[in-house]
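Trainee: I want to learn how to read a pocket and a salt bridge. Can we work through one example together?

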Amino acid sequence: MPGHDHDKTSFDDAGTPSPMQRGHDHEATAYGEVDGGSGATVELAPGTIVRSTYEVLEEIGRGGMGAVYKAMHTGLDTEVALKVLTSTLAGSEQAKQRMLREAKALARVRHPNVVGISDVFEESGNVFLVLELVNGGTLADRVVPGGLPVGQACALVGQVLAGLGALHK
């Protein structure tokens with residue numbers, strides 16, 4: 001999470017820190033757990049290198065299945081979004097399959113209301129989606145206390161429905 005300063009380490013099933021190397025020291029990755037290893041959330045610390053290619057910059061969102069991080073593709077010098085399962089779900093074959101289905105669905109669609117996907121991979125027992133980084137906040141950020149004016153609400157719902165329609169064709 002932003003503001004946390006962690007070494008590049010991994011955590012085993014018992015929550016014990018241990019270095020994780022893949023070839024070179026600069027490729028060490030960090031998969032830590034918040035709340036002392038409770039498995040409630042996955043944390044990728046800023047500076048974490050994933051798949052020798054993506055440098056985590058900050059967490060930008062979290063939901064019931066996973067977390068999304070802003071990351072830099074170090075070879076292309078472009079920002080992307082990395083979506084990863086929570087540690088609770090990372091061991092679930094069903095959750096991994098659901099994430100892979102999501103990746104395949106996104107790969108089949110090109111639509112202005114559907115985020116683009118450029119890669120999917122498994123590393124350290126977790127599934128990662130590499131997504132287009134869309135700036136501008138979340139839908140929740142746009143909904144103000146008391147609701148939106150009807151015209152704005154209808155426009156937003158129309159965009160959501162257009163994206164969903166494209167995914168379900």
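Mentor: The largest pocket has a volume of about 1400 Å³. This is a predicted model, where local features need pLDDT of at least 70, side-chain atom pairs count only at pLDDT 80 or more, and totals for chains, interfaces and linings use all residues. Residues are numbered from 1 along each chain as its sequence is written, and side-chain values use heavy atoms, with hydrogens and water left out.

Trainee: What is a pocket?

Mentor: Rolling a probe the size of a water molecule over the atoms shows where empty space is left. On a 1 Å grid over the protein atoms alone, a pocket is an open set of points where a 1.4 Å probe fits, with protein on both sides within 12 Å along at least five of seven lines. Lining residues have an atom within 4 Å of a point. Volume is the space filled by probe spheres set on the points, which are joined across faces, edges and corners.

Trainee: How many residues line the largest pocket?

Mentor: The lining has 34 residues, with Val-115, Val-134, Gly-137, Thr-138 and Leu-139 nearest the centre.

Trainee: And what is a salt bridge?

Mentor: Side chains of opposite charge can pair when their charged atoms come close. The rule asks for a side-chain nitrogen of Lys or Arg within 4 Å of a carboxyl oxygen of Asp or Glu. Five salt bridges are counted here. One of them joins Arg-62 and Glu-59, at 2.6 Å from N to O.

Trainee: Is Glu-59 buried or exposed?

Mentor: Glu-59 is buried, because its relative accessibility is 15%. Buried means under 20% relative accessible area, exposed over 50%, and partly exposed in between (1.4 Å probe, protein chains only). Arg-62 is partly exposed at 34%.
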